[in-house]
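Subject: Handing over a structure, with notes

Dear colleague,

I am passing this structure on to you, and below it you will find my notes on what turned up when I went through it. Please read them with the model open beside you.

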Amino acid sequence: VKETIRKQVQHSSEGFAKTPPDPILPTFISSGLFDLVDLNPLEVARQMALIDSELFRRISPKECLNQKWSKKNKEQEAPNILANIQRFNQVGSWVCSLVI
C-alpha cells in the first residue's frame, strides 16, 4: 500500500517546485480493514486535495466556453467539468452522511 501511495504522490507532484511530504499512514494498515476515523485527518485532507487538483488541472479552457457543461452533448464537450461537478456532489453527499 505504501508503494502505491508513493507512486500516486510522485505522479501527482509533477510540475510542482517542492516534493510532497511523506504520507501519514496508520500503523495497522496491513490488516486492510480500517475506518475513516482511523486515518490521520491531515492525510485525508492531503489526499482529497490531490484528487481535486488532478481533476481541476484536466479542465481545458474550451470546456468553459458558452457553458458547454450544460449543453446537449456535454459529455463530449466538457467531460472534465462534469467530473469536477460529480466530485463536488460526491464529497458533499459524503460530508452530509457523516454529519447526520
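**Salt bridges**

The side chains of Glu 77 and Lys 68 come together in a salt bridge, with 3.5 Å from N to O, where a salt bridge is a side-chain nitrogen of Lys or Arg within 4 Å of a carboxyl oxygen of Asp or Glu. Glu 77 has a relative accessibility of 29% and therefore counts as partly exposed, given that buried means under 20% relative accessible area, exposed over 50%, and partly exposed in between, using a 1.4 Å probe and protein chains only.

Before going further, please keep in mind that this is a predicted model, in which local features need a pLDDT of at least 70 and side-chain atom pairs count only at pLDDT 80 or more, while totals for chains, interfaces and linings use all residues. Residues are numbered from 1 along each chain as its sequence is written, and side-chain values use heavy atoms, with hydrogens and water left out.

By the rule above, the count comes to four salt bridges. Side chains of opposite charge can pair when their charged atoms come close. Another of these pairs joins Arg 46 to Glu 43, at 3.2 Å from N to O; both residues lie in helix 2, three residues apart, which is about one turn of the helix. Arg 46 is partly exposed, at a relative accessible area of 25%, whereas Glu 43 counts as buried at 8% relative accessibility. A further salt bridge links the side chains of Arg 58 and Glu 54, at 3.3 Å from N to O. Arg 58 counts as partly exposed, at 48% relative accessibility, and Glu 54 is also partly exposed, with a relative accessible area of 24%.

**The chain as a whole**

The protein chain has four helices and zero strands, where helices (H or I, at least four residues) and strands (E, at least two) are DSSP runs numbered from the N terminus. Buried residues make up 17% of the 100 residues in the chain. Among the contacts with a separation of 6 or more, 41% are between residues 24 or more positions apart, contact meaning heavy atoms within 4.5 Å.

How far does the predictor trust its own model? The chain averages a pLDDT of 83, and 80% of the residues score at least 70, pLDDT being the predictor's confidence in each residue, from 0 to 100. Confidence is lowest in helix 1 (residues 2-12), with a mean of 64, and highest in helix 3 (residues 74-77), at 95.

Leu 39 is placed in the loop between helix 1 and helix 2, and it is partly exposed, with a relative accessible area of 24%. Apart from neighbours within four places in sequence, Leu 39 is in contact with Pro 26, Phe 34 and Val 44.

Asn 40 caps the N-terminal end of helix 2, with a side-chain oxygen 2.8 Å from the backbone nitrogen of Leu 42. Helix 2 (residues 41-57) has 17 residues and reaches 24 Å from its first C-alpha to its last, close to the 24 Å expected at 1.5 Å a residue; the expected span is 1.5 Å times one less than the number of residues. Its buried residues are Glu 43, Val 44, Gln 47 and Leu 55. They cover an arc of only 110° around the axis, which puts them on the same side of helix 2, the arc being that of the directions from the helix axis to the C-beta atoms. The face turned away from this buried side carries the exposed residues Pro 41 and Phe 56.

**Helix 4**

Which residues of helix 4 are buried? They are Asn 80, Ile 81, Asn 84, Arg 87 and Val 91. Seen down the axis, these buried residues fall within an arc of 120°, so they line one face of helix 4. What covers them includes helix 2.

Asn 84 lies in helix 4 (residues 79-99), and its side chain reaches the backbone oxygen of Asn 80 at 2.8 Å. Leaving aside neighbours within four places in sequence, Asn 84 is in contact with Asp 52, Leu 55, Phe 56 and Ile 59.

With best wishes

Note on methods: Polar contact = N/O pair within 3.5 Å; in protein donor to acceptor, adjacent residues only side chain to side chain.
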